[in-house]
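The entries follow in the order in which I checked them.

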Amino acid sequence: MTLSGGTFSSGSGTSSGSSHGTHSFGSEGDMELQARMELKRKRRKESNRESAKRSRQRKQQHLDDLNLQVDKLRTTKQQLVTALNITTQNYVAAEAQNSVLRTQMTELDSRLSALRGIIYHMNANQVSNAAAINANYDAFGASAWSSGMQMVQQPIDHMLYHCF
């Protein structure tokens with residue numbers, strides 16, 4: 001059956017008003033059926049409109065959420081870049097300070113080594129001077145010993161003062 005010009009027609013081509021022929025929409029049952037079909041069609045259209053509207057709203061909400069997330073990520077990225085720059089600057093400053101400290105340590109090691117050598121030679125001289133003073137102790141007494149020690153100690157104190 002097909003709908004043609006407001007009437008249902010069967011494939012047989014008959015146009016009689018009998019039950020297995022052409023039906024007119026003019027009858028009360030057919031009008032009611034047509035009204036129900038029209039109402040269903042309108043409801044379906046309205047339902048589709050509402051569904052499409054909800055879909056657009058969900059899509060817009062998702063887009064808004066994504067934009068918010070992008071903004072947050074950009075802010076986080078900027079904070080991380082700033083923190084990285086500060087950390088890099090601190091690292092460079094610490095490296096420069098370490099370089100200065102290493103240079104100072106090398107210089108101080110060199111001075112310490114030189115002082116140890118001087119002290120070693122002065123101790124060797126002091127032992128030989130002490131032996132000479134001991135030999136003369138009996139001849140000059142205790143005052144010779146203390147004056148001899150003062151003569152040895154004064155150059156050591158003077159040298160240590162100028163080195164540090």
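Entry on confidence. I am working from a predicted model, and I began with its pLDDT, which averages 78 over the protein chain, with 63% of the residues scoring at least 70. I then looked up residues 1-21, where pLDDT stays under 50 and for which the model has 26 contacts beyond four places in sequence. Where pLDDT is low, the predicted coordinates should not be read in detail, so I leave that stretch aside.

Entry on salt bridges. I searched the whole structure and found 4 salt bridges, and I noted the following among them.

Arg36 and Glu32. I found these two side chains joined in a salt bridge whose closest N and O atoms are 4.0 Å apart. The two residues sit 4 residues apart in helix H1 (residues 28-140), and are therefore separated by about one helical turn. I recorded Arg36 as partly exposed, with a relative accessible area of 47%, and Glu32 likewise as partly exposed, at 48%.

Glu38 and Arg41. For this salt bridge I noted 2.1 Å between the closest N and O atoms, with both residues in helix H1, 3 residues apart, or about one turn of the helix. Glu38 is partly exposed at 30% relative accessibility, and Arg41 is partly exposed at 32%.

Glu107 and Arg111. Here I found a salt bridge at 3.4 Å, N to O, between residues that lie 4 apart in helix H1 and so are about one helical turn from each other.

Key
Residues numbered from 1 in each chain as written. Predicted model: local features only at pLDDT ≥ 70, side-chain atom pairs only at ≥ 80, totals over all residues. Heavy atoms only, no water. pLDDT = per-residue confidence, 0-100. Contact = heavy atoms within 4.5 Å. Buried < 20%, exposed > 50% of the residue type's maximum accessible area, 1.4 Å probe, protein only.
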